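Q: Hi! I'm new to this one, could you walk me through it?
A: Happy to, here it is.

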Amino acid sequence: MIVFANGEYISSDEVKISPFDHGFLYGLGLFETFRIYEGHPFLLDDHLARLNEGLRTLGIKAEYRRHEILPILKGLLAANSLENAYVRMNVSAGNGEIGLQTAEYEEPNLILFMKPLGTPSQLGEKKLALLNIRRNTPEGATRLKSHHYLNNILAKRELGASSEAEGIFLTREGFLAEGIVSNLFWTEGETLFTPSVETGILNGITRQFVMKLAGKLQLGVQEGFYPQEALLEAEELFVTNSIQEVVPVSMFGQKTFPGKEGRVVQALSRQYGECRRKLWTRNSLQ
Ligand SMILES: C=C(O[C@@H]1C=C(C(=O)O)C=C[C@H]1N)C(=O)O
Ligand SMILES: Cc1ncc(COP(=O)(O)O)c(C=O)c1O
(Lines give C-alpha, C1' and ligand atoms only; values in the text may rest on other atoms or scores of the structure.)
(Ligands and ions follow the chains in the order given, each with its own letter.)
Protein backbone atom coordinates (compact mmCIF):
# COMPACT_ATOMS: atom_id res chain seq x y z
CA MET A 1 0.00 0.00 0.00
CA ILE A 2 1.01 3.63 -0.47
CA VAL A 3 1.01 5.91 2.55
CA PHE A 4 1.28 9.71 2.81
CA ALA A 5 4.14 10.81 5.03
CA ASN A 6 5.10 14.45 5.57
CA GLY A 7 4.24 15.58 2.05
CA GLU A 8 5.24 12.45 0.15
CA TYR A 9 3.36 9.43 -1.17
CA ILE A 10 5.59 6.45 -0.46
CA SER A 11 5.36 2.70 -0.19
CA SER A 12 4.35 1.41 3.24
CA ASP A 13 7.60 -0.60 3.42
CA GLU A 14 9.68 2.54 2.95
CA VAL A 15 7.99 4.92 5.41
CA LYS A 16 10.23 5.79 8.38
CA ILE A 17 10.21 7.95 11.48
CA SER A 18 13.15 8.74 13.74
CA PRO A 19 13.54 6.75 16.98
CA PHE A 20 13.73 10.21 18.61
CA ASP A 21 10.10 10.90 17.66
CA HIS A 22 8.36 11.53 21.02
CA GLY A 23 5.31 9.81 19.60
CA PHE A 24 7.43 6.67 19.69
CA LEU A 25 9.42 7.41 22.85
CA TYR A 26 6.64 8.79 25.08
CA GLY A 27 3.31 8.09 23.32
CA LEU A 28 2.96 11.74 22.28
CA GLY A 29 0.86 11.16 19.23
CA LEU A 30 -2.79 11.25 18.19
CA PHE A 31 -4.76 9.52 15.51
CA GLU A 32 -8.15 9.49 13.84
CA THR A 33 -9.65 6.47 12.12
CA PHE A 34 -12.44 7.07 9.64
CA ARG A 35 -13.97 5.68 6.48
CA ILE A 36 -14.07 6.87 2.91
CA TYR A 37 -17.24 5.96 1.02
CA GLU A 38 -17.11 6.36 -2.77
CA GLY A 39 -14.23 8.79 -2.42
CA HIS A 40 -15.86 10.83 0.38
CA PRO A 41 -14.35 10.79 3.91
CA PHE A 42 -17.27 10.49 6.34
CA LEU A 43 -17.58 13.22 9.03
CA LEU A 44 -14.10 14.49 8.19
CA ASP A 45 -14.66 17.86 9.89
CA ASP A 46 -15.69 16.17 13.15
CA HIS A 47 -12.57 13.99 13.09
CA LEU A 48 -10.29 16.93 12.30
CA ALA A 49 -11.89 19.01 15.07
CA ARG A 50 -11.17 16.28 17.65
CA LEU A 51 -7.62 15.82 16.32
CA ASN A 52 -6.86 19.56 16.37
CA GLU A 53 -8.23 19.89 19.91
CA GLY A 54 -5.97 17.03 21.02
CA LEU A 55 -2.94 18.61 19.31
CA ARG A 56 -3.55 21.85 21.19
CA THR A 57 -3.83 19.89 24.44
CA LEU A 58 -0.51 18.09 23.78
CA GLY A 59 1.37 21.19 22.66
CA ILE A 60 1.96 19.81 19.17
CA LYS A 61 2.04 22.78 16.83
CA ALA A 62 -0.13 21.66 13.93
CA GLU A 63 -3.70 22.17 12.76
CA TYR A 64 -5.35 20.33 9.90
CA ARG A 65 -8.21 21.66 7.81
CA ARG A 66 -10.43 19.93 5.28
CA HIS A 67 -9.02 21.91 2.33
CA GLU A 68 -5.53 20.56 3.15
CA ILE A 69 -6.52 16.98 3.93
CA LEU A 70 -9.08 16.32 1.18
CA PRO A 71 -6.48 16.54 -1.66
CA ILE A 72 -4.14 14.25 0.30
CA LEU A 73 -6.91 11.67 0.75
CA LYS A 74 -7.85 11.86 -2.92
CA GLY A 75 -4.20 11.38 -3.87
CA LEU A 76 -3.93 8.42 -1.52
CA LEU A 77 -7.09 6.83 -2.95
CA ALA A 78 -5.69 7.22 -6.47
CA ALA A 79 -2.28 5.85 -5.47
CA ASN A 80 -3.96 2.80 -3.93
CA SER A 81 -6.67 2.49 -6.64
CA LEU A 82 -9.41 2.68 -4.04
CA GLU A 83 -12.82 4.34 -3.76
CA ASN A 84 -13.78 2.89 -0.36
CA ALA A 85 -11.19 2.76 2.41
CA TYR A 86 -10.26 2.67 6.08
CA VAL A 87 -8.00 5.63 6.94
CA ARG A 88 -5.73 6.14 9.92
CA MET A 89 -4.56 9.76 10.09
CA ASN A 90 -1.65 9.87 12.53
CA VAL A 91 0.19 12.86 13.99
CA SER A 92 3.19 12.22 16.23
CA ALA A 93 5.03 14.94 18.14
CA GLY A 94 8.26 14.75 16.15
CA ASN A 95 11.84 14.57 17.34
CA GLY A 96 13.20 15.61 20.70
CA GLU A 97 16.00 14.74 23.08
CA ILE A 98 15.80 11.78 25.45
CA GLY A 99 13.95 13.15 28.48
CA LEU A 100 10.55 14.68 29.10
CA GLN A 101 9.99 17.84 27.07
CA THR A 102 7.85 20.73 28.21
CA ALA A 103 8.42 22.95 25.17
CA GLU A 104 5.97 22.75 22.28
CA TYR A 105 6.70 20.41 19.41
CA GLU A 106 7.35 22.43 16.27
CA GLU A 107 7.83 19.70 13.64
CA PRO A 108 5.31 16.87 14.01
CA ASN A 109 5.14 13.87 11.72
CA LEU A 110 1.93 13.50 9.68
CA ILE A 111 1.29 10.01 8.28
CA LEU A 112 -1.92 8.83 6.62
CA PHE A 113 -2.40 5.08 6.29
CA MET A 114 -5.09 3.53 4.09
CA LYS A 115 -6.47 0.05 3.51
CA PRO A 116 -9.37 -1.26 1.46
CA LEU A 117 -12.73 -1.41 3.25
CA GLY A 118 -15.99 -1.84 1.39
CA THR A 119 -19.49 -1.12 2.64
CA PRO A 120 -21.13 -4.10 4.32
CA SER A 121 -24.10 -5.48 2.41
CA GLN A 122 -25.89 -6.26 5.67
CA LEU A 123 -25.63 -5.57 9.38
CA GLY A 124 -23.14 -7.70 11.28
CA GLU A 125 -23.53 -8.66 14.93
CA LYS A 126 -21.24 -8.97 17.92
CA LYS A 127 -21.30 -10.74 21.24
CA LEU A 128 -20.14 -8.66 24.22
CA ALA A 129 -18.06 -9.95 27.10
CA LEU A 130 -17.48 -8.09 30.36
CA LEU A 131 -13.74 -7.62 30.80
CA ASN A 132 -11.89 -8.31 34.02
CA ILE A 133 -9.40 -5.55 33.28
CA ARG A 134 -10.85 -2.15 34.19
CA ARG A 135 -10.77 0.96 31.99
CA ASN A 136 -7.82 3.11 32.96
CA THR A 137 -8.33 6.78 33.65
CA PRO A 138 -7.41 9.23 30.89
CA GLU A 139 -3.80 10.45 30.99
CA GLY A 140 -5.10 14.03 31.28
CA ALA A 141 -8.43 15.80 31.83
CA THR A 142 -10.22 13.99 29.00
CA ARG A 143 -9.58 10.86 26.95
CA LEU A 144 -7.58 11.62 23.81
CA LYS A 145 -7.34 9.27 20.85
CA SER A 146 -3.63 9.07 21.59
CA HIS A 147 -0.94 6.43 21.12
CA HIS A 148 -1.66 5.23 24.68
CA TYR A 149 -3.47 1.98 23.85
CA LEU A 150 -1.85 -0.42 26.36
CA ASN A 151 -5.11 -0.72 28.37
CA ASN A 152 -6.95 -1.58 25.12
CA ILE A 153 -4.28 -4.04 23.97
CA LEU A 154 -4.25 -5.87 27.33
CA ALA A 155 -8.05 -6.01 27.12
CA LYS A 156 -7.89 -7.40 23.58
CA ARG A 157 -5.49 -10.09 24.79
CA GLU A 158 -7.98 -10.97 27.56
CA LEU A 159 -10.86 -11.11 25.07
CA GLY A 160 -9.02 -12.98 22.31
CA ALA A 161 -8.74 -12.37 18.57
CA SER A 162 -12.36 -13.14 17.60
CA SER A 163 -13.83 -10.46 15.33
CA GLU A 164 -17.30 -11.55 16.48
CA ALA A 165 -16.68 -10.33 20.03
CA GLU A 166 -16.12 -7.00 21.75
CA GLY A 167 -14.96 -6.55 25.33
CA ILE A 168 -16.73 -4.09 27.60
CA PHE A 169 -14.77 -2.21 30.27
CA LEU A 170 -16.07 -1.18 33.65
CA THR A 171 -14.47 1.79 35.33
CA ARG A 172 -12.44 1.20 38.48
CA GLU A 173 -15.59 2.20 40.45
CA GLY A 174 -17.63 -0.45 38.61
CA PHE A 175 -19.61 1.71 36.16
CA LEU A 176 -20.12 0.73 32.52
CA ALA A 177 -17.52 2.49 30.34
CA GLU A 178 -16.95 1.47 26.73
CA GLY A 179 -15.70 -1.25 24.43
CA ILE A 180 -12.08 -1.96 23.59
CA VAL A 181 -12.50 -0.03 20.34
CA SER A 182 -16.10 1.16 20.57
CA ASN A 183 -18.73 3.09 22.48
CA LEU A 184 -21.66 1.32 24.13
CA PHE A 185 -25.40 2.05 23.78
CA TRP A 186 -28.58 0.34 24.95
CA THR A 187 -32.30 1.07 24.77
CA GLU A 188 -35.31 0.92 27.02
CA GLY A 189 -38.50 1.79 25.17
CA GLU A 190 -37.94 5.07 23.32
CA THR A 191 -34.82 6.04 25.29
CA LEU A 192 -31.18 5.50 24.31
CA PHE A 193 -28.64 5.14 27.14
CA THR A 194 -24.87 5.53 26.98
CA PRO A 195 -22.10 6.00 29.56
CA SER A 196 -21.14 9.62 30.21
CA VAL A 197 -17.79 10.82 28.89
CA GLU A 198 -17.20 11.74 32.56
CA THR A 199 -16.55 8.01 33.11
CA GLY A 200 -13.28 8.59 31.21
CA ILE A 201 -14.27 7.07 27.88
CA LEU A 202 -13.39 8.28 24.41
CA ASN A 203 -16.05 10.67 23.10
CA GLY A 204 -16.42 8.79 19.85
CA ILE A 205 -17.32 10.67 16.68
CA THR A 206 -19.82 7.94 15.90
CA ARG A 207 -21.16 8.16 19.48
CA GLN A 208 -21.82 11.87 18.98
CA PHE A 209 -23.33 11.28 15.54
CA VAL A 210 -25.64 8.47 16.71
CA MET A 211 -26.86 10.64 19.60
CA LYS A 212 -27.86 13.28 17.05
CA LEU A 213 -29.51 10.68 14.82
CA ALA A 214 -31.47 9.48 17.86
CA GLY A 215 -32.90 12.97 18.20
CA LYS A 216 -34.11 12.81 14.58
CA LEU A 217 -35.89 9.55 15.50
CA GLN A 218 -37.59 11.19 18.51
CA LEU A 219 -35.62 8.94 20.86
CA GLY A 220 -34.67 10.30 24.26
CA VAL A 221 -30.92 10.15 25.00
CA GLN A 222 -29.50 9.73 28.49
CA GLU A 223 -25.82 9.76 29.42
CA GLY A 224 -24.75 8.76 32.90
CA PHE A 225 -22.98 6.47 35.35
CA TYR A 226 -24.59 3.03 35.11
CA PRO A 227 -23.82 -0.26 36.88
CA GLN A 228 -23.62 -3.35 34.68
CA GLU A 229 -27.02 -4.39 36.09
CA ALA A 230 -28.55 -1.60 33.96
CA LEU A 231 -28.10 -3.94 30.98
CA LEU A 232 -30.43 -6.50 32.57
CA GLU A 233 -33.28 -4.08 31.78
CA ALA A 234 -31.94 -3.24 28.31
CA GLU A 235 -34.08 -4.18 25.29
CA GLU A 236 -31.48 -3.59 22.56
CA LEU A 237 -27.70 -3.23 22.75
CA PHE A 238 -25.21 -1.94 20.19
CA VAL A 239 -21.69 -0.58 19.93
CA THR A 240 -20.30 2.10 17.59
CA ASN A 241 -17.11 3.27 15.98
CA SER A 242 -16.21 5.06 12.76
CA ILE A 243 -14.93 1.91 11.08
CA GLN A 244 -17.57 -0.64 12.15
CA GLU A 245 -20.39 1.95 12.20
CA VAL A 246 -23.47 0.83 14.28
CA VAL A 247 -22.94 -2.79 15.39
CA PRO A 248 -25.95 -4.66 16.84
CA VAL A 249 -25.25 -6.92 19.82
CA SER A 250 -26.85 -10.36 20.05
CA MET A 251 -25.51 -11.37 23.46
CA PHE A 252 -23.95 -9.85 26.56
CA GLY A 253 -22.70 -12.47 28.98
CA GLN A 254 -25.61 -14.93 29.24
CA LYS A 255 -28.33 -12.44 28.18
CA THR A 256 -29.49 -12.52 24.57
CA PHE A 257 -30.57 -9.43 22.64
CA PRO A 258 -32.37 -8.91 19.30
CA GLY A 259 -29.09 -8.06 17.53
CA LYS A 260 -29.73 -6.91 13.95
CA GLU A 261 -33.45 -7.63 14.35
CA GLY A 262 -33.71 -4.82 16.88
CA ARG A 263 -36.21 -2.14 15.92
CA VAL A 264 -34.17 0.82 17.17
CA VAL A 265 -30.83 -0.42 15.89
CA GLN A 266 -32.38 -1.00 12.48
CA ALA A 267 -33.82 2.53 12.44
CA LEU A 268 -30.48 4.03 13.51
CA SER A 269 -28.59 1.95 10.93
CA ARG A 270 -31.00 3.11 8.22
CA GLN A 271 -30.43 6.74 9.22
CA TYR A 272 -26.67 6.20 9.34
CA GLY A 273 -26.73 4.58 5.91
CA GLU A 274 -28.84 7.46 4.57
CA CYS A 275 -26.22 9.98 5.70
CA ARG A 276 -23.45 7.79 4.30
CA ARG A 277 -25.23 7.67 0.94
CA LYS A 278 -25.44 11.48 1.00
CA LEU A 279 -21.65 11.30 1.17
CA TRP A 280 -21.46 13.56 4.17
CA THR A 281 -17.92 14.83 4.48
CA ARG A 282 -18.49 17.75 6.81
CA ASN A 283 -19.78 17.17 10.29
CA SER A 284 -22.60 15.65 12.22
CA LEU A 285 -24.37 19.01 12.44
CA GLN A 286 -24.98 19.34 8.71
C1 LIG B 1 -11.90 1.28 14.60
C2 LIG B 1 -11.25 0.27 15.10
O3 LIG B 1 -10.11 0.43 15.82
C4 LIG B 1 -9.67 1.75 15.89
C5 LIG B 1 -8.42 1.81 15.20
C6 LIG B 1 -7.26 1.56 15.88
C7 LIG B 1 -5.98 1.52 15.13
O8 LIG B 1 -5.96 1.98 13.97
O9 LIG B 1 -5.00 1.01 15.71
C10 LIG B 1 -7.29 1.36 17.27
C11 LIG B 1 -8.45 1.50 17.98
C12 LIG B 1 -9.64 2.06 17.35
N13 LIG B 1 -9.73 3.47 17.59
C14 LIG B 1 -11.69 -1.14 14.92
O15 LIG B 1 -12.82 -1.32 14.52
O16 LIG B 1 -10.85 -2.00 15.21
C1 LIG C 1 -11.53 3.11 23.10
C2 LIG C 1 -12.41 3.57 21.95
N3 LIG C 1 -13.64 4.02 22.22
C4 LIG C 1 -14.48 4.43 21.24
C5 LIG C 1 -14.06 4.41 19.92
C6 LIG C 1 -15.01 4.91 18.84
O7 LIG C 1 -14.59 6.19 18.43
P8 LIG C 1 -15.03 6.75 17.00
O9 LIG C 1 -16.54 6.70 16.96
O10 LIG C 1 -14.48 8.14 16.99
O11 LIG C 1 -14.43 5.85 15.96
C12 LIG C 1 -12.76 3.99 19.59
C13 LIG C 1 -12.24 3.99 18.20
O14 LIG C 1 -12.68 3.54 17.28
C15 LIG C 1 -11.92 3.55 20.63
O16 LIG C 1 -10.66 3.12 20.37
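Q: Before we dig in, what counts as a polar contact here?
A: A polar contact is a pair of N or O atoms within 3.5 Å.

Q: Okay, and what does the side chain of N241 do with ligand 1?
A: An N or O atom in the N241 side chain sits 3.1 Å from an oxygen atom of ligand 1. Keep in mind that this is a predicted model.

Q: How much of ligand 1 does the protein cover?
A: On its own, ligand 1 has 390 Å² of accessible area, and the protein covers 75% of that.

Q: Which elements give two or more residues to the shell around ligand 1?
A: Those are β3 (29-37) and β5 (85-92).

Q: And which residues are around ligand 1?
A: You'll find F31, T33, Y86, R88, K145, Y149, V181, N241, I243 and Q244 there. By class, the shell around ligand 1 divides into five nonpolar, three polar and two charged residues.

Q: How far is the side chain of K145 from a nitrogen atom of ligand 1?
A: An N or O atom of the K145 side chain is 2.3 Å from a nitrogen atom of ligand 1. For Y86, an N or O atom of the side chain is 3.3 Å from an oxygen atom of ligand 1.

Q: Where does ligand 1 lie relative to the domains, and why?
A: Ligand 1 lies between domain 1 (2-116) and domain 2 (126-284), because both of them give residues to the shell around it.

Q: Let's switch to ligand 2. Which residues come nearest?
A: There are 18 residues around ligand 2, and R50, Y149, E178, I205 and T206 come nearest. Y149 is also listed among the residues around ligand 1.

Q: Change of topic: what is the strand order in the open sheet of six strands?
A: The order is β2-β1-β6-β5-β3-β4, and the pairing is antiparallel. At the edges are β2 and β4 (40-41), each of which pairs on one side only.

Q: How do β1 and β2 join up?
A: Strand β1 (residues 2-5) and strand β2 (residues 8-11) run antiparallel and are joined by four bridges. I2 stands opposite S11 in β2. The two strands form a hairpin with two residues between them, and N6 in the turn has a positive phi of about 50°.

Q: What about β6, which strands does it pair with?
A: Strand β6 (residues 109-116) pairs with β1 over two bridges, in the antiparallel sense. There, F4 stands opposite L112 in β6. β5 and β6 also pair in the antiparallel sense, over eight bridges. In that pairing Y86 stands opposite K115 in β6, and Y86 is one of the residues around ligand 1.

Q: Last one: how confident is the predictor?
A: The mean pLDDT of the protein is 95, with 98% of its residues at 70 or more. For the complex, the predictor gives an ipTM of 0.95 and a pTM of 0.96.

Conventions: Residues are numbered from 1 along each chain as its sequence is written. Chains are lettered from A and ligands numbered from 1 in the order in which they are written. This is a predicted model: local features need pLDDT of at least 70, side-chain atom pairs count only at pLDDT 80 or more; totals for chains, interfaces and linings use all residues. Side-chain values use heavy atoms; hydrogens and water are left out. A residue is near a molecule or strand if one of its heavy atoms lies within 4 Å of it. A polar contact is a pair of N or O atoms within 3.5 Å; within protein, one must be able to donate a hydrogen and the other to accept it, and residues adjacent in sequence count only if both atoms are side-chain atoms. Accessible areas come from the Shrake-Rupley method with a 1.4 Å probe; for residues, only the protein chains shown count as cover. Ala, Val, Leu, Ile, Met, Phe, Trp, Tyr, Cys and Pro count as nonpolar, Asp, Glu, Lys and Arg as charged, and the others, Gly among them, as polar. Domain bounds come from an automatic or database domain assignment. pLDDT is the predictor's confidence in each residue, from 0 to 100. Two strands pair if DSSP finds at least two bridges between them.
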